[in-house]
Amino acid sequence: MANGTWKIARGKGSAQLPLAIVAVLAVIVLLAGKAHFLPFDRARAALTDWAKPAITAVNVPVVAVSTWLSGAEHFFDVYSENQRLREENARLRQWQGAADMLQARVKRYQLLLNAVSDPASTSVAGRVIGHASRPFSETIVLNAGTRDHVKPGETVADARGVLGRIYLAGQHTAWVILLTDLNSRVPVSVQPANDQAILAGNNSEAPALEAVAQGAKLKDGQEVVTSGNGGLMPPGLPVGVLYHDSSGFRVALYADPGTADDVRIMDFKQEQMPAPTDQDLPATAAGFKPSPPVEAPPETVAPPAGVPAAASPNAAGGTGAKPTATTTAPAIRGTAVSPSTTEPKPRVTPPAPTQTDKPAARNPDDDEDNQ
Amino acid sequence: MRRTSSDRLLVLLPTPAVAIIPALFAFTAVVLTSFPVSLTGGLFPPPLFVLMVIYFWALIRPDLMPPGLVFAIGLLEDLLSGSPPGLWTSSFLVTYVLIDRQRDVFAGLAGWAAILGFALAMLIASVSAYGIAWLYFWHVPPIQPLALQLAASIVLYVPVLSFLNWVQQRFIGPQRSDF
């Protein structure tokens with residue numbers, strides 16, 4: 001174009017020494033990044049915090065135009081769409097009633113069986129202020145950070161399903177690694193058979209299903225939810241629908257990061273199980289080890305007539321622990337408790353935590369108010 | 001420094017200000033490329049504006065685009081884009097080495113050949129980034145997003161080149177050949 005008439009007047013290789021130095025520096029930076037060098041992450045979080053107003057300001061008109069464009073497609077079928085939504089709403093109301101009834105029944109059964117409660121999760125609401133789609137990373141930026149008690153590792157979902165996980169949290173912003181990202185690996189289960197697998201992101205719209213359990217018979221249209229294995233995500237969160245193509249089984253995600261707006265950032269809390277006493281150990285219980293003398297139990301009150309003996313906490317044959325089923329009421333689907341949920345977690349679980357949304361920081365008292 | 005008759009049309013800036021212009025454009029390009037706002041809803045990755053700036057000034061005024069500046073630009077790109085630290089830094093430096101070694105060839109290109117020259121530089125940067133990402137993540141990254149970015153960058157290089165040429169002639173003036 002314009003560079004056809006230049007004369008060559010500068011010797012070659014004059015920048016060799018600094019080039020060698022910066023090349024070595026680049027390799028050092030690469031290795032430091034691989035070793036999760038913290039200052040780089042801190043700098044990235046601080047920079048995003050600093051740029052938050054600009055990102056938010058620029059994102060507003062972009063989202064407005066995108067929304068308008070997507071809305072314009074449906075302009076001519078508003079009436080039929082309205083009719084369809086009315087019918088769907090009526091159907092969903094029926095399902096809601098059935099779900100409420102079943103949830104109450106599950107609670108009663110858990111109480112009767114002195115069952116280990118499902119892990120609880122609290123959440124804060126955040127807003128997507130940025131979306132970075134790069135060749136090697138798929139991320140979004142949220143307007144909530146450590147000041148809103150957002151921490152790396154927490155699950156991010158919108159009304160449709162799981163979007164990803166927080167991997168970097170600044171004071172006012174947080175970066176989310178999406179399920180579609182190359183590095184995303186999430187344990188999932190395929191319903192209804194609860195087949196375990198790993199959802200592996202590959203920077204395409206539909207992540208692949210890997211490490212499927214042996215003997216699993218998968219077919220198109222099956223629902224995929226989080227399994228909760230590893231204790232990273234709450235179990236039962238909707239992820240997507242299974243389908244098969246030439247490369248294998250993939251999952252069409254429910255949530256669309258491109259149109260995601262308001263999201264929930266879920267803090268997955270696991271119940272801290274009481275440490276087993278000597279009497280709980282199998283060897284002691286079987287009489288192989290002498291058990292220390294047990295003090296006489298306090299006078300027990302007989303259960304009222306009509307109440308089965310198993311309903312009494314002490315009668316359940318456990319440790320006499322208070323039934324924890326009454327303390328938590330997860331609003332998430334799926335009640336299977338994975339083995340990992342029994343591992344103690346150092347974080348203190350607030351009283352009566354439930355899955356609630358609120359725009360401000362988490363407060364256990366507010367949680368109770370919302371119930 | 002030899003002055004030409006066209007210098008009368010220039011807004012000649014003092015040397016420090018001239019030295020800042022490529023850096024300023026490069027950092028603006030990084031922000032444009034890495035700003036976490038997608039005009040296409042995440043369907044297409046943004047074009048690599050920053051490599052256009054590096055390529056342009058590394059060819060015609062390498063004294064204004066030294067390796068240290070390329071390193072800083074790459075680091076900022078990694079920082080803002082959420083990429084692994086050093087990924088684009090290394091890729092830009094590999095491309096810079098190519099330009100530095102073959103400057104005579106690249107600088108002699110004109111017309112569509114000049115676009116092909118940038119396409120080659122872009123290809124080198126993309127292949128480097130792909131290889132580094134492969135080693136870094138230990139997964140085979142998908143080619144499609146990178147190919148889309150490559151195509152978008154080459155297409156947009158035509159208007160960007162015109163603009164950079166205008167800036168060069170209007171504010172910086174002398175080219176490498178004038179020394």
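Analyst: The model is predicted, and the labels are taken in turn below.

User: Why is Ala213(A) called partly exposed?

Analyst: Ala213(A) has 13 C-beta neighbours inside 10 Å. Buried needs 20 or more, and exposed means 12 or fewer. The value falls in between, so Ala213(A) counts as partly exposed.

User: Where does Ala213(A) sit, and what does Ala213(A) contact beyond its neighbours within four places in sequence?

Analyst: Ala213(A) is in the loop between β8 (208-210) and β9 (223-226) of chain A. Leaving aside neighbours within four places in sequence, the contacts are Asp195(A), Gln196(A) and Ala197(A). Asn194(A) is 19 residues away along the chain, and its C-alpha atom is separated from that of Ala213(A) by 9.8 Å.

User: What describes the packing of α4(B) and α6(B)?

Analyst: Two packed helices are described by an angle between axes and a distance between axes. For helix α4 (residues 87-101) and helix α6 (residues 112-137) of chain B, the axes come within 8 Å and cross at roughly 145°. The crossing is right-handed.

User: Which residues meet there, and how do they divide by class?

Analyst: From α4(B) they include Leu87(B), Trp88(B), Phe92(B) and Ile99(B). From α6(B) they include Ala121(B), Ile124(B), Ser128(B) and Tyr136(B). By class, this contact has 13 nonpolar, four polar and no charged residues.

User: What makes a set of residues a nonpolar core, and which residues have the most contacts inside the largest one?

Analyst: Members must be buried, of the listed nonpolar types, and joined through C-beta atoms within 7 Å. The largest core has 52 residues. Those with the most contacts inside it are Val50(B), Leu51(B), Val53(B), Ile54(B), Tyr55(B), Val70(B) and Phe92(B). α1 of chain A supplies at least two residues of this core, as do several helices of chain B, including α4 and α6. The largest share, 12 residues, comes from α2(B).

User: What does Val70(B) contact, leaving aside its neighbours within four places in sequence?

Analyst: Val70(B) is in contact with Ile54(B), Met65(B), Phe92(B), Leu93(B) and Tyr96(B).

User: How many residues are in contact between chain A and chain B, and which element of chain A gives the most?

Analyst: 50 residues of chain A are in contact with 53 residues of chain B. α1(A) gives the most to the chain A side, with 11 residues. That side divides into 28 nonpolar, 16 polar and six charged residues.

Conventions
Residues numbered from 1 in each chain as written. Chains lettered and ligands numbered in written order. Predicted model: local features only at pLDDT ≥ 70, side-chain atom pairs only at ≥ 80, totals over all residues. Axes fitted to C-alpha atoms, helices over the stretch in contact; angles between N-to-C directions. Left-handed = near helix turned anticlockwise from the far one by under 90°. Contact = placed C-beta atoms within 7 Å. Nonpolar A, V, L, I, M, F, W, Y, C, P; charged D, E, K, R; others polar.
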